[in-house]
Amino acid sequence: MSKFDYDYVEMLKFVLARGEKYKDENNGDIVRVSDYNFKFDLQEEDPILQVFEIADDEKIKSLGLAECVEACSDGDVIVRSSLDFGHRDNSLNLYFVKSDYNIITDLPLDVLKASMLLKTVAEVRGLKAGKINYYLENPYVEINQLEQMKELVKRFSRYRELLDDYKNDVHKFTSYEQCLNLFLDALSSVSSLEETPYIKDARLDKRIIDMIESDKAPSIWVDDSLFYCNSNLEQPKIKNYKHLGRLEM
């Protein structure tokens, strides 16, 4: 799991614990943490040594990354009305700001888009992709998203429990995994099976165990051909993608 996952869940916990419910003209009934900003990997002491104006860069525009640029530059952007790319030690870092932002539906997807944008721009500029630094001003969630937030926090807590079992007691972890596999294999032969909460939790534990045992970190891969022809984003791919299961919205 990445640093983003940890920070994201901590932010969800914070909103659940301290969020205030009120009616918003545009968003209906929402929960917002008033006058609170969340920073992710923001290193304010790092100087911006170079700025790339995406809108004026023909080569970047030809890569078909308009959706990623829009995702990163929507809202109030500090310093300029465009993206800031600062590079240091041969690494390119992306910095953007979001305000009045739905954190459960928009943030994970926009982090993915920002990662793809940073990776591609770095490749074109002959640099390494560095950090994505972003700053959320007054984030909010819809009232009907609170249960999904609680479920996500619960799943992440379960991930931590199983990870600790693996670190602290390998035999206990292995025994549980074997029993879990036998149980799920037996389920595969049952027709018209009702997905009870117990079965769903077992499938989720199996998913989490697979994540823990895999030593391959998620990464963004860009086909070399991307730099020689126009792209509709079919070439960039997420390899070894991991997640804690689907949330019903």
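The model is predicted: local features need pLDDT of at least 70, side-chain atom pairs count only at pLDDT 80 or more, and totals for chains, interfaces and linings use all residues. Residues are numbered from 1 along each chain as its sequence is written, and side-chain values use heavy atoms, with hydrogens and water left out. Helices (H or I, at least four residues) and strands (E, at least two) are DSSP runs, numbered from the N terminus.

Three strands form an open sheet in the order β1-β2-β7. The pairing is antiparallel. Two strands count as paired if DSSP finds at least two bridges between them. Strand β1 (residues 20–24) meets strand β2 (residues 28–32) over 5 bridges. Within this pair, Y22 stands opposite I30, and D24 has G28 as its bridge partner. On the β7 side, 3 bridges join β2 to strand β7 (residues 140–142). There, R32 is partnered by Y140. β1 and β7 stand at the edges with a single partner strand each, so one side of each is left without a neighbour in the sheet. Neighbouring strands are turned by 40° against each other on average, direction ignored.

Helix α5 (residues 146–168) packs with helix α6 (residues 170–187). The angle is about 125°, and the axes lie 5 Å apart. Axes are lines fitted to C-alpha atoms, for helices over the stretch in contact; angles run from 0 to 180 degrees between N-to-C directions. The two helices are therefore oblique to each other. Under 35 degrees counts as roughly parallel, over 145 as roughly antiparallel, 65 to 115 as roughly perpendicular and the rest as oblique. From α5, the contact (heavy atoms within 4.5 Å) draws on R158, L162, D165, Y166 and N168. From α6 come V170, K172, F173 and Y176. The contact residues divide into 5 nonpolar, 1 polar and 3 charged. Here Ala, Val, Leu, Ile, Met, Phe, Trp, Tyr, Cys and Pro count as nonpolar, Asp, Glu, Lys and Arg as charged, and the others, Gly among them, as polar.

α5 also contributes to the second largest pocket, where its 8 residues are the largest share of the lining. A pocket is an open set of points on a 1 Å grid where a 1.4 Å probe fits, with protein on both sides within 12 Å along at least five of seven lines; lining residues have an atom within 4 Å of a point. The lining comprises 20 residues. E151, R155, K200, L204 and R246 lie nearest the centre. Both α5 and α7 (197–213) supply at least two lining residues. By class, the lining has 3 nonpolar, 3 polar and 14 charged residues.

K128 is found in strand β6 (residues 128–137). Neighbours within four places in sequence aside, K128 is in contact with D89, N90, S91, L92 and A122.
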